[in-house]
Protein chains: 2
Amino acid sequence: MHSIAQYPPPLSEDHLLSLSIQIQDWLLNHGSLIKDINTQTALELQSIYNELYCAVAEDEQWILSAIEDLLPIDPLAVALWKIHQEVKQLGGYVQPISAGIFRSDYMLQDENTDTNGEPSSIPHGSLKQVEFNTFSCAGASHANKIVDMHRHLARAGVYNANSTPSEDDTDSSQLIVPSNLPRNRNIETLAAGLASAHAAYGPPKSKVTSKTAVLIVIQDQVFNFNVADERPIEYALWDQDPPVPTYRLNFGDDTLEDTSLTATGELLFHPPWLNSTTPIEISVVYMRAGYEAHEYDKVGIRARLRLERSRAIKCPSLLAHIATFKKVQYALTRPGTLEHFLTPEKAAAVRATFVPMYPMDESPAGQEARKLATDPVLAEDYVLKPSLEGGGHNVYGDAIPDFLASQPPSKWGAYILMKRIPSPFAANMLMSSVGMNSGGVISELGVFGSCLWRTGGDGRPCEMLENSLAGWSFKTKHQYTEEISVVKGYGCFDTPLLV
Amino acid sequence: MHSIAQYPPPLSEDHLLSLSIQIQDWLLNHGSLIKDINTQTALELQSIYNELYCAVAEDEQWILSAIEDLLPIDPLAVALWKIHQEVKQLGGYVQPISAGIFRSDYMLQDENTDTNGEPSSIPHGSLKQVEFNTFSCAGASHANKIVDMHRHLARAGVYNANSTPSEDDTDSSQLIVPSNLPRNRNIETLAAGLASAHAAYGPPKSKVTSKTAVLIVIQDQVFNFNVADERPIEYALWDQDPPVPTYRLNFGDDTLEDTSLTATGELLFHPPWLNSTTPIEISVVYMRAGYEAHEYDKVGIRARLRLERSRAIKCPSLLAHIATFKKVQYALTRPGTLEHFLTPEKAAAVRATFVPMYPMDESPAGQEARKLATDPVLAEDYVLKPSLEGGGHNVYGDAIPDFLASQPPSKWGAYILMKRIPSPFAANMLMSSVGMNSGGVISELGVFGSCLWRTGGDGRPCEMLENSLAGWSFKTKHQYTEEISVVKGYGCFDTPLLV
């Protein structure tokens, strides 16, 4: 039995080959990692984060104040805010219930900040929030599958070179065995969350059909690279008892062509393959598209407007979408803000996950940030983030001053400056399309939340109808890689080993 | 609601695109087909066929008489028979129990032999056996997955252009809905069959280990294209309660390197990735390699010899392997032969699935066959089959005379001549890597059997310990394609629609 200090054990060529083949047969890339993280805190916090963002999403004035600096400069913010205004002018939102599938991302902050030492076998520290995603949160299905794969490979004993595989793993606290790998039920729980929203919608309101269904609005499906993440949730909805009929629809032209609004606001879906004229009334619109500025050309704006004006429950609401902007994340760090939305105890628990953040605008805090960001030495400890979703848009450390110099200062306000989280690294091996590489690695924990809330109206607080922890994802990247985005090739999905 | 006579209904471009995307997302090619086949008979027959082939596999003298003409000319027959002789010289087989995963293939024989008419929407006829496979039977997992896919697409309502999808399909006897698509549990049942064999082996007999496991012997796994068919059975064995540990091993060099025989015949597996010296005792050797002559070079012969000499239960035994030769299939058609192995009632039921077969040797029956096979007009109704496994080796109809002319008559004895099964065709659409094509299609039903038997010894009949129907596969090809092999690109896995 090897001790944790020897992790990862030296692997023979045979072992590597065998491992590589077994993983390829699962058709997904991954790494396996030991970390000693108090993840329980982050999991327990998720329902408070759900509550916080539902409250934020219901406070139009506060959101506007948080993002108004973006409106002259950020095309996605402009598009979304315009659609929001137009819905209000056209009679307002008709559906009082909204759904949310959120993901809060954390990294481990090293309590000893010396990141140049030897990799530790068991990193310690506390979890700090990297970002909070409210819209089109990806990775849940991949995370679920990778955990299933790691658990299978663990029971098959392919990791432990110094011990024969054991059928009962009760005596194996130091080994990579299934009982040390937490289960992951993301697909099941996210589908259950959408099924709840579907049930909350109730029977069809229009007179033209007896059928309701969930509609997943996606990016053009012929070239959609995300099918392996989206489809499992769709299949799991059909697997509910009774099945929740679920259809996919491209955001854009197809949305306008294949849906219609009744006079009373029901969203009707006309499956393009049906010759019959009987449509399906949409209970829940689950957005997996519409998170990039370029999607909001004239057609995209009309498509989103139709969805927002409809009676369907949106997952999430448009204001909840806007709450995903980094400017909102920053605004929540301002003194007293959390207490505006949460009890003092809950506010304190959330605040403990924050790292220092600054606006890059012309406010006093912004002026301070600009000093930090334009100084090559001071900038080292920061990351500059636009409000854009997805990886690949951040600027790290000493690259910030040059980047800012290339942009007119009038556009700096679209960014926020955030203290980097000095994360301890562990020694491990990652497998990607280029092969298997050993080295120091750093992980990010994503915690999924699922919720359903009813608007209070007229400034009254919203009512949480459902609020639950929905699962987690775990991504790992090489120590010197800045980004962690898996779809962009920087990171790998992973499973933590509990020791 | 469309009537069956209109099948397949005209599909709009939108419908085709949608269907194509949904199928691609299941990552497998398929076709969907209506057939009215009395499959029940074939399913019920399987346990009789299992019994027949177990009895055949225990009758060494009969097998030798069936294949002895092959020994001078067929390298695979020579290799296998030599290994059998060597096992006997070295002390004989030490394991009295054998396992079988068999597959009997059938086509529908049109009772009206006019195959040039219009495609019928519901073909009629009786099932005739194409061949019986005793070794390394493939396709069970693919068939299972394709049925799962068709059932999902059916419940999502993507097939029925003239009716909205229905959540309850009780009123939909004419529609493609899940209740009209039979379930397929191949993966589960084949794994259960191997798990039974594992249990029959019992605890380890050697003193060197406390662990037993199933060993799947495969073709070189780096380039193995069959992982999607083999791996699900392996995963399902691990999913048994308690798990049945299961490992894969390449046939050939790796077999010799990573296994050893104890003095008392136990087969020990030494996982190449383990540093420890504790091996695993193999309970069951499940062969998914060793079915091609080129695998029996010196190393291959030594590898197979080691497996056969071991105490592990072989799935199947070497003589059961030899029973897969077409010469055996022919020999069983000779008058009185079935009655040698089965009761008269069972023999009659089996014989009803036979079509006329001939040897191509110099016997009187062989002389008759040679006349048929060398006449371009008469040959039209026949197919010439070597004893080789897998598609791509048969010669059809008027191509037979030219083919035979290219071979020395001394080699003709390696073939058998079989009456072609005039199969009615249905109109349908098949999807493959080249796209979707409509046209007349013909299907083949494979029936899987799983069994476990104990040798009687000294000519006594064997004892059937388990004997069950294990599942089915359904393959469909275009009407004018001769071969149906899916891996070679001729056919598609499919699901029958019950009407």
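A:Asp239 is exposed, because its relative accessible area of 53% lies over the 50% that marks an exposed residue. The model in which this residue is found is a predicted one.

**Salt bridges**

Side chains of opposite charge can pair when their charged atoms come close. Over all chains, the structure holds 26 salt bridges. Among them is one between B:Arg155 and A:Asp239, whose closest N and O atoms are 2.7 Å apart. This pair crosses between chains: B:Arg155 belongs to helix H5 (residues 140-155) of chain B, while A:Asp239 sits in the loop between helix H7 (227-238) and strand E5 (246-250) of chain A.

Another salt bridge joins B:Lys88 to B:Glu60, with 2.4 Å between the closest N and O atoms. Here distant parts of the chain are linked, since B:Lys88 lies in helix H4 (residues 75-89) of chain B and B:Glu60 in helix H3 (residues 60-67) of chain B, 28 residues apart. B:Lys88 counts as partly exposed, with a relative accessibility of 37%. B:Glu60, at 19% relative accessibility, counts as buried, because buried means under 20%.

B:Asp105 and B:Arg103 also form a salt bridge, and their closest N and O atoms are 2.8 Å apart. Both B:Asp105 and B:Arg103 are buried. In chain A, the residues A:Glu230, A:Arg231, A:Glu234 and A:Arg248 are joined into one network by salt bridges that share partners.

| Residue | Partner | Closest N and O atoms |
|---|---|---|
| B:Arg155 | A:Asp239 | 2.7 Å |
| B:Lys88 | B:Glu60 | 2.4 Å |
| B:Asp105 | B:Arg103 | 2.8 Å |

**A patch of negative charge**

On the surface, A:Glu380, A:Asp381, A:Asp398 and A:Asp402 gather in a patch of negative charge. One of these residues, A:Asp381, is placed in the loop between helix H14 (364-374) and strand E11 (382-385) of chain A. A:Asp381 is partly exposed, and its relative accessible area is 43%.

**A sheet in chain B**

In chain B, 4 strands in the order E10-E13-E11-E12 form an open sheet with antiparallel pairing. Its edge strands are strand E10 (357-359) and strand E12 (395-396) of chain B, each of which pairs on one side only. Strand E11 (residues 382-385) of chain B pairs with E12(B) over 2 bridges in the antiparallel sense. B:Val383 has B:Tyr396 as its bridge partner in E12(B).

Technical notes. Residues numbered from 1 in each chain as written. Chains lettered and ligands numbered in written order. Predicted model: local features only at pLDDT ≥ 70, side-chain atom pairs only at ≥ 80, totals over all residues. Heavy atoms only, no water. Patch = residues over 30% accessible without salt bridge, like charges linked within 9 Å, V, L, I, M, F, W, Y side chains within 5 Å. Areas by Shrake-Rupley, 256 points an atom, 1.4 Å probe, with all protein chains shown as cover. Salt bridge = Lys/Arg side-chain N within 4 Å of Asp/Glu carboxyl O. Lys, Arg positive; Asp, Glu negative; His and termini not counted. Charge placed at Lys NZ, Arg CZ, Asp CG, Glu CD. Buried < 20%, exposed > 50% of the residue type's maximum accessible area, 1.4 Å probe, protein only. Pairing = 2+ DSSP bridges.
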